[in-house]
Amino acid sequence: MDMKFYLMNVEFFITRSDKHHLKCIGVFFFQIYNLETLLLQAPSQSTNLGTESRVLSRLLSEKLVPTKERNPVKRWGKGLAYFLEDNWKRIWVLALWISICAGLFTWKFIQYKHRAVFDVMGYCVTTAKGAAETTKFNMALILLPVCRNTITWLRSKTKLGVVVPFDDNINFHKVVAFGIAIGVGLHAGAHLTCDFPRLLHATDDEYEPMEQFFGEERPNNYWWFVKGTEGWTGVTMVVLMAIAYILAQPWFRRNRLNLPKPIKKLTGFNAFWYSHHLFIIVYALFIVHGYYLYLSKKWYKKTTWMYLAVPMLLYACERLIRAFRSGYKSVKILKVAVYPGNVLSLHMSKPQGFKYTSGQYIFVNCADVSPFQWHPFSITSAPGDDYLSIHIRTLGDWTSQLKALFSKVCQPPSVDQSGLLRADIGKGENKPRLPKLLIDGPYGAPAQDYKEYDVLLLVGLGIGATPLISIVKDVLNNIKQQNENEQGIETIGAKNKRKPFATRRAYFYWVTREQGSFEWFRGVMNEVAEYDRDRVIELHNYCTSVYEEGDARSALITMLQSLQHAKSGVDIVSGTQVKTHFARPNWHKVFKHVAVNHADKRVGVFYCGAPGLTGELRRLAQEFSRKTSTKFDFHKENF
């Protein structure tokens with residue numbers, strides 16, 4: 001055949017559903033021998049697989065075959081042992097909390113059982129007072145998990161993270177809130193349905209010991225109890241607590257319920273945020289309620305303020321630090337980009353003295369949207385970068401308004417730029433007027449513990465890739481630094497050789513539905529491919545809106561993708577040097593691949609994304625840790 005080159009112009013659709021499709025238009029020039037090389041490439045690679053790796057893989061497959069223990073006692077015991085091994089930190093914290101609550105309840109219960117009021121009110125008053133004591137403790141305790149600066153310092157500067165599950169601080173906050181709900185229910189219920197009716201119906205002889213508490217004139221109706229300071233403060237607190245607790249539930253906070261429009265406006269994140277700040281009124285009422293007590297007249301027996309003093313002081317200091325710190329941490333916007341998938345990227349100047357670790361997050365405030373609201377976003381830049389960056393997915397009112405404000409100053413990008421809209425703020429005179437941003441942080445997050453591991457398995461789902469991208473960039477920056485040090489060694493010697501970076505290997509799996517999402521971090525992907533000569537970082541992009549590889553319906557795009565990547569080194573789907581895979585990853589194979597390559601190692605598994613994948617990844621981490629010599633430590637961050 002005389003013709004040496006072929007021209008192929010293809011337009012095609014690969015459809016997985018009515019809503020999602022991928023359209024690719026490609027023009028490819030290739031030589032016949034390139035196609036032959038491509039077709040022979042996969043078999044040759046498989047035959048080059050090391051004998052040792054093949055043996056390990058086979059042995060691992062045999063070991064991972066599920067077997068069921070016949071003895072139910074042994075099966076139950078093994079399951080319990082695994083559960084304790086995976087959750088011992090949470091268990092001891094919850095056990096300690098429950099023990100303290102039970103101890104306080106029992107102490108007050110017994111104390112009031114031996115008082116004169118017990119003869120009139122019976123077990124109603126003992127239950128009410130026992131529940132009140134646990135509520136005091138929990139109202140003090142619930143503030144501690146949201147002291148973010150303190151928790152960040154403890155997890156970063158101390159070794160308490162070995163025994164304390166700091167990653168579960170918000171979950172513990174919710175558990176304590178549930179404990180408060182139980183305590184308030186028992187306390188109010190016992191008083192309203194039992195204590196007060198008994199007192200109203202007591203005989204003169206029975207009421208006589210009660211005169212020192214309620215006065216010589218006996219209360220004649222319910223209104224007497226409600227109109228008093230003890231009554232109206234208690235009722236008001238219950239109403240405010242109920243509003244905050246209900247609006248904090250995910251059905252209302254995330255607008256999951258199909259409610260009528262007038263009611264729907266009263267739910268959502270804004271309603272959750274503002275209702276939660278009712279706690280200021282609640283705590284003020286709680287202190288007043290705890291001072292004006294019916295049955296305790298001596299000041300040292302009014303212990304509410306004793307429980308609250310230290311936690312409230314600590315929390316007040318936290319808020320003052322946040323207010324002071326955010327007041328001078330106004331940042332300059334350096335670059336704005338709007339990407340497909342409703343994602344806004346902001347590059348900002350780094351405030352003086354601002355230090356952070358990859359995986360951490362900051363709070364952002366924009367007065368042009370709301371002067372009061374602060375929203376958390378993962379940092380996507382690396383500590384070694386001279387700027388600070390975040391990527392914001394528009395999911396609610398606040399983020400939508402923020403994107404709209406910044407879109408006004410953006411223009412369509414040039415040919416060599418990514419994104420739908422961009423604004424590169426230079427040093428010229430014609431600077432656009434940009435919204436003012438304040439930041440607060442950084443704050444600790446599960447992903448910041450990556451430096452404890454030599455091997456990393458990073459899994460990001462959609463916009464959940466943001467904290468993991470910062471880790472990838474940090475590893476990449478250290479690779480660049482090592483390359484520079486090696487060049488310096490070759491020329492002037494190795495007098496100032498720095499300590500090598502702890503991470504020896506990183507696997508990054510990014511799973512997204514939309515093809516345009518790969519534009520968010522295209523620069524990072526290309527940098528890794530360019531500078532990572534030793535392949536420390538292994539990148540895997542997955543587009544789930546296309547049928548999996550091997551399916552006949554995606555065969556054409558797979559072939560053209562491989563041809564273009566072999567010819568130019570650029571993937572036609574992502575536009576980066578990282579080849580895109582289709583459908584969802586086989587997570588069992590992913591864990592097996594890491595286990596085979598890193599026997600007898602501890603692997604840090606960091607997942608950030610929707611909660612749906614959390615269970616499978618945690619289960620696989622536990623399974624491979626128990627059945628192989630590789631230990632997988634699972635960390636997750638859901639949104």
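The legends below describe close-up views of a predicted model.

Residues are numbered from 1 along each chain as its sequence is written, and side-chain values use heavy atoms, with hydrogens and water left out. Local features need pLDDT of at least 70 and side-chain atom pairs count only at pLDDT 80 or more, whereas totals for chains, interfaces and linings use all residues.

**View 1. A nonpolar surface patch that includes I100.** W88, W92, L96, I100, L160, V162 and V163 together present about 590 Å² of accessible area (Shrake-Rupley method, 1.4 Å probe, with only the protein chains shown counting as cover for residues). I100 belongs to helix α3, residues 72–113 (helices are DSSP runs of H or I, at least four residues, and strands are runs of E, at least two, numbered from the N terminus).

View 2. F137 is buried, because its relative accessible area is 16% (buried is under 20%, exposed over 50%, partly exposed in between, with a 1.4 Å probe and protein chains only). Beyond its neighbours within four places in sequence, F137 is in contact with W97, I100, C101, L104 and Y307 (heavy atoms within 4.5 Å). W97 lies 40 residues from F137 along the chain, with 9.9 Å between their C-alpha atoms.

**View 3. The span of residues 91–110.** This span is 100% helix and 0% strand, and its end C-alpha atoms are 28 Å apart.

Methods. Patches are made of residues with over 30% relative accessible area and no salt bridge: like charges are joined within 9 Å, nonpolar side chains (Val, Leu, Ile, Met, Phe, Trp, Tyr) within 5 Å. A salt bridge is a side-chain nitrogen of Lys or Arg within 4 Å of a carboxyl oxygen of Asp or Glu.
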